[in-house]
Amino acid sequence: MRIDCIINSKHRSFDIDPTMKLRDMLLLNGNFAVRDSDDSEGFCGSDTVLVDGTPVFANLVLAGEVNGCEIRTPDGLGSSQHLTVVQQAMIDAGIVQSAYNAPAAALLLTWLLENNPNPSKEDIKDALSGIFIRDAGYEHYYLAVKLALERMHNGSYESPIAPSFRPNLDVIGKPVSKIDGPQLVAGERAFVEDFATPDTCYMVVLRSPHASAYINSIDDSEARKVEGVVEILTAYNTPDTHYMQAGQGNPEPSPHDRRLFNLKVRHVGDRVAAVIAETLEAAKEACSLIKVDYEVLPAVFTVEEAMAPGAPLVHNGVVEYRAGAPADLEEYNKLAGDPREGKVVYQFPLKADIHKNIAASNKGEIGNVDEAFANSDAVVEATYQTSQIQHTPLETHICFAQMQGGRLVVHASTQVPYHVRRIVGWVTGLPENKIHVIKTRVGGGYGSKQDILIEDLTGYAAYVTGRPVLCHNTREEEFIANSTRHPMRVHVKMSGNKDGKITGIFMEVCANTGPYGNHCLTVPMNSCSKTLPLFKCDNMRYDLKVYYTNTPPAGAYQGYGTPKGTYGIMMAMAELADKLGIDYKDLVLKNHVEEGYMLEILKGLGEGREGAVVPVGSCGLHEAIKTGCDMIGWGKKEISEDPDWKIGKGFAMIMQGSGLPGLDHAEAIAKLETDGTVILNSGGADIGTGLDTISAKIVAEVLKLPMDKITVISGDTDSCAFDTGAYASSGTFFSGNASLVATNNLKDMILKEAAFQMGENVEDLDVRAPGEVYSKKTEKALSYYELSHTAISGEGHGQMIAHGSYVTKASSVPYGGHFAQVAVNIRTGEIKVQKFYAIQDAGTPINPEIALCQMYGAVMKSIGHSLYEDMKLDEKGNCLTANMTDYGAPMISEAPEDFKAVLVDVNDAYGPFGAKSISEIACNGAAPAIGIAIHDACGVWLRSWPMTPEKILKALGKI
Amino acid sequence: MEANISFRLNGEMVSISTDPLRRLLDVLREDLGCIGTKEGCSEGECGACSILLNGHMVTSCIIPVGAVDGQDVMTIEGVSKTEGGKIIVQAFADGGAVQCGFCIPGMVIAAYYLLSNNPNPTEEEIRLGISGNICRCTGYDLVVESIKLAAQRGGDVWKR
């Protein structure tokens, strides 16, 4: 049937089935920025378009309905070279980060301002009520509207965008438009899905319906008859290589406990087979025709079930060690069960015992905790339980791989391009020189894209079929077959004296890693190593055990164990203050660490190796707490006019790290091009966080070049050099420092070559804007253009290319205080976050506007797990909330009424230009701050997240 | 915008000329007289408009009629004339499953679909089977009991 319509002012006709989805029709027209993020559920708003001036979800409208209509799509607003005022304001406000939904948001804001030239906060909230933003929060959307209106009316911005830092520097510490912002907000080719070729084959994975089962046989004969099927992969035709999917440094502190396909499935959603076909429909149909004979086994879903005597074992195969094998290994392996169990291979001992479902364990102590407990005025002891939650990046996991010239080229949405290359190399058997990983723009990572969850299989499929292969997870697969935050039980015992001194702390952590051991040791370690060092306390002990279960897999998630440890330890501290009759703020101020304090507790808390006793470096903790207490009016009781609503306040101190000292490694290559501009190749992975902009600012600052003379190429394993990747808050600190080292080295080369060309001494030369070398002695100048041109014109010394490598033993720790004021309805149990103030020390915030938005975004994620988000499983291990609507991630209407992010000015000794990390830490504070505020409001301690109305009413004895 | 649409309805071929984007529910009720199919929520949530499309249970309020061209549609009018359908209808009546009755055609479709695919369902499977059908009168228990009754009475009927 013929459909005539106008798309972005152009007449278009389509001869199509009118029941086709509007989005599919728009894709035919090339409007690829109309995306699907929620299995066409109408939640995320990535598919927003305007039909005759009304916003609709293009996945929920039929093509036939738009016959004769005028349609506007996000890519019709303005191109990256000619941005509209709204698009530019969004970039300048700092909200164009991972940006999968930024084009749709730009369309909505444009629509709003066209229809309402003076919108209120409520109007903006209403306009954005159907769009889900996970990266940057919603606060700076209000700012973007304000900036756009100011520029429309007066030609320029009047409102401040973000505070500026370091007046002596030109671009560092100042709001400067993010360099990849234009491409992203305009909806141009940026993400993996935009690079698939017309001959692409689609891969669909058949997943286990059982939480635990052996596979007796797989019959794919009917499936192979489906027209268009290229190959079907199962455990029977793929390599026996054992590996793991965690994107960690090699050797990894995670067991190699899986293969591409296993003959034992260990969770609902585990891989059983993969169909590669010429169309998505054929792949799905073939999947449905594969017959699998399962031998269903009993399963365990909680750490309590996993640790019970005689519990079913998640792994019961042969154990191997690459290093440090115990003497009784041969004896231990006599217990191994069915050969279909496969193996568990440790790179080094993790203190595991698969016959007790223990994936890893660790413990340590300083001082004498038991003695401290026995001799203190008060002791509290409580258990805090956290639920399983999912990152829900707007862009679900996706990979596109193809063979080119005998090499495997992998387009990946990843935080770890070099780990992807290594692991794809393991499963294909290809050496690293035969694999090219290209990190595209990443539509949200938050730790879930630290793991190699689909690149292994997609890379292998492209390699064995020789066909281009695209694999794109559904939203449901994100929940059941990706990675999640480890559910954890944190038991805290804490003692103190009436003088306000905390005397002893014991943390016992039981974590649920699910069926495979990705990050199984280090996430729970972080629960202790990023919380205990907040305290000046001589007696501390931790004991952690991590259990295998048959839940959906767990892995890295922003905060990496710390949100859970912080929830337990700060709630316990508030409970101790209550018991001692001391104001919680006074207890915090008396016991928090400060610069120079030696952290004995870290000696046992390394990342799978020995830790080191280090002093606290730059530390804005005290100022953050003071600032937050002043802002929220600590100590002043707020009373609601409605007697059902009780108001309370709470806060938590927080910390994280800036990469992994002694483990992380970053490299960069800075090149002076022939016209005097610079291309910097950074191994670092910008996942929307502004890391490329940081690298560009570093070059601009050191070489005194304008930003538009600098291009950053990053995360491309062919053209860049090794970097461990964007995780553990390492981006700014490690990759940024590598860019700094490379640029400093380039500057040295420039000065040396200039000295030769100018006939001057190097000591007399320096660089200045807008990119030239000058002599402090003779005042002669030489532009980078002339310098570079001469250097490559037949007689020079060649192109100036400098390499920078960065490693360190230094630990630069960001600190902060997160403050909440909540209202609790004691009749209904409803909880409202009235105020949330996030006060953080990020060292020098290199991109202050982006930093603030990352704080807002991280707080929104953590308000999500504190109050709403929960992956609920039934008794057979099926996730009942594997879609966005049922899962409950917060939207703009759940944002705190009064929400502020504040950067404390601290200069760090080791970070590039004094910078520390910013984003990950901001996930740590909400749960304890809200939990403590709930107690202040209505007198109950909610010791499990999410803190729901039902739990409030139960705690109040009302149900 | 009209198109010729033909499909099998309760075993008989029907042909109509209509806007292919009209809801199947409306076409069934207004053009084809199948008023047993009810409209509850209009958004695929309540199950009152359930029908069988190529043997699969779907909600007809969110399906454009153009999508069933050449397909096989069974409504409550057809299902209640089958041997199994008769057993379910009688079991619902005997078991006290019917109060206001508005949801019942959809419930019968759900029960028919369930028992056709699973002749001996557990109570949990029955509850899962009607989890897409909202009933505000009965509290579901008697519906579940009636489906158990239909399973028992049907015996071999469901195994064909």
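The following legends describe close-up views of a predicted model and the conventions behind their values.

**Conventions.** Residues are numbered from 1 along each chain as its sequence is written, while chains are lettered from A and ligands numbered from 1 in the order in which they are written. In this predicted model, local features need pLDDT of at least 70, side-chain atom pairs count only at pLDDT 80 or more, and totals for chains, interfaces and linings use all residues, with side-chain values resting on heavy atoms and leaving out hydrogens and water.

**Figure 1. Overall fold of chain A.** Chain A contains 25 helices and 35 strands; helices (H or I, at least four residues) and strands (E, at least two) are DSSP runs, numbered from the N terminus. Its radius of gyration, taken over C-alpha atoms, is 28 Å, close to the 30 Å that the globule rule gives for 959 residues, so chain A is as compact as a globular protein of that length. The globule rule is 2.2 Å times the number of residues to the power 0.38. The C-alpha trace of chain A spans about 75 × 75 × 65 Å along its principal axes. Of the contacts in chain A with a separation of 6 or more, 77% join residues 24 or more positions apart, a contact being heavy atoms within 4.5 Å.

Figure 2. Buried residues account for 65% of the 959 residues in chain A; buried means under 20% relative accessible area, exposed over 50%, and partly exposed in between (1.4 Å probe, protein chains only). The accessible surface of chain A is about 32,100 Å², with 49% belonging to carbon and sulfur atoms; the areas come from the Shrake-Rupley method with a 1.4 Å probe, and for residues only the protein chains shown count as cover. Chain A carries 85 positive and 120 negative charges, whose mean positions are 3 Å apart. Lys and Arg count as positive and Asp and Glu as negative, with His and the chain ends not counted; each charge is placed at NZ of Lys, CZ of Arg, CG of Asp or CD of Glu.

**Figure 3. Contact between chain B and chain A.** Seven residues from chain B and eight residues from chain A take part. Between them the two chains bury about 580 Å², 77% of it on carbon and sulfur atoms. Met1(B), Leu21(B) and Glu124(B) supply 69% of the area that chain B buries against chain A, more than any other three residues. Buried area is the accessible area (1.4 Å probe) that two parts lose on being put together, summed over both.

**Figure 4. Cis peptide bonds in two loops of chain A.** The bond from Asn250(A) to Pro251(A) is cis, with omega near 5°, and Pro251(A) lies in the loop between strand S8 (229–234) and strand S9 (264–265). The bond from Ala769(A) to Pro770(A) is likewise cis, with omega near 0°; Pro770(A) belongs to the loop between strand S29 (765–768) and strand S30 (772–775).

Figure 5. Asn8(A), in the loop between strand S1 (2–7) and strand S2 (10–15), has phi near 45° and counts as buried at 18% relative accessibility. His519(A), in the loop between strand S21 (502–514) and helix H15 (522–529), has phi near 60° and counts as buried at 0% relative accessibility.

**Figure 6. Surroundings of Leu703(A).** Leu703(A) is found in helix H19 (residues 691–703) and is buried, with a relative accessible area of 0%. Not counting residues up to four places away in sequence, Leu703(A) touches residues including Val678(A), Leu746(A), Ile750(A), Val767(A) and Tyr784(A).
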